Amino acid sequence: MASSKGRWFLVRRLMILSLLVLSLPVKAQEGLRYRMQLWMRGESQSMEVRFRLQSTAGTRSHNKVQKPRMGGWRLEADRTQGTPYAQAMLLGRAERLLYLAGPAPQTRPEPILLRFGSRSLPVWSLEIPKGIHASTVLVEIGPKLLALCDFSARFEQGDIARLELHLEGLDSTVGLAPAEAGTTLLSTLQAWASEAQSEAASGITVR
């Protein structure tokens, strides 16, 4: 069961998200549209990129027995917006923070809906490992298909001070499917947790 502190963070993020979603202009596009902001330590201005996530078809092997394979995803940056010359770096980081898969043991449904245009999407929470200062909200964009809606993290040490990743809009999600690396966010969080434990044990910053 989620702690009261964890539930408060979830409710607060959902309140902020509701205001952001309601203020977004309607723009018909396929896939999911995200905005990522990253603050370097000591900098008041963030670097940012807006991009679209789309599914890609699974590749076929040359083996005689064709085993079904999940596809992947493609991130397409909006070159007209964001921080010049930083988009490729930001997309590389964003790819490690995305989720496009079915429910996992770390996820749980919440009795809340978020409205995107004419659609109301069920909200799921995701358990954050100990030692990580982050909050995450997922939404169910299709039957048993969850996607990242909101991610916020801050770091007490290292070059990066804070980052934010938000789902800004979605239109047609018919072509979206679970990706082979769809749970990469879970791997990233576990890696950060292991790194934080190592730093705490040694007293040395390794990020």
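Tutor: Helices (H or I, at least four residues) and strands (E, at least two) are DSSP runs, numbered from the N terminus. The model is predicted, so to speak of local features a pLDDT of at least 70 is needed, side-chain atom pairs count only at pLDDT 80 or more, and totals for chains, interfaces and linings use all residues. Residues are numbered from 1 along each chain as its sequence is written, and side-chain values use heavy atoms, with hydrogens and water left out.

Student: In which strand does glutamate 76 lie?

Tutor: Glutamate 76 belongs to strand E3, which covers residues 72–77.

Student: Why is glutamate 76 called partly exposed?

Tutor: Buried means under 20% relative accessible area and exposed over 50%, with partly exposed in between (1.4 Å probe, protein chains only); because glutamate 76 has a relative accessibility of 36%, it counts as partly exposed.

Student: What makes the pair glutamate 76 and arginine 52 a polar contact?

Tutor: Their side chains are joined at 2.8 Å, and the term requires a pair of N or O atoms within 3.5 Å, where within protein one must be able to donate a hydrogen and the other to accept it, and residues adjacent in sequence count only if both atoms are side-chain atoms. Arginine 52 is also among the residues that glutamate 76 touches, including Arg50 and Phe51, contact meaning heavy atoms within 4.5 Å.

Student: How do you know that E5 and E6 pair?

Tutor: Two strands pair if DSSP finds at least two bridges between them, and seven bridges join E5 (residues 107–116) to E6 (residues 119–126) in an antiparallel arrangement. Phenylalanine 116 stands opposite arginine 119.

Technical notes:
Lists of a residue's contacts leave out its neighbours within four places in sequence.
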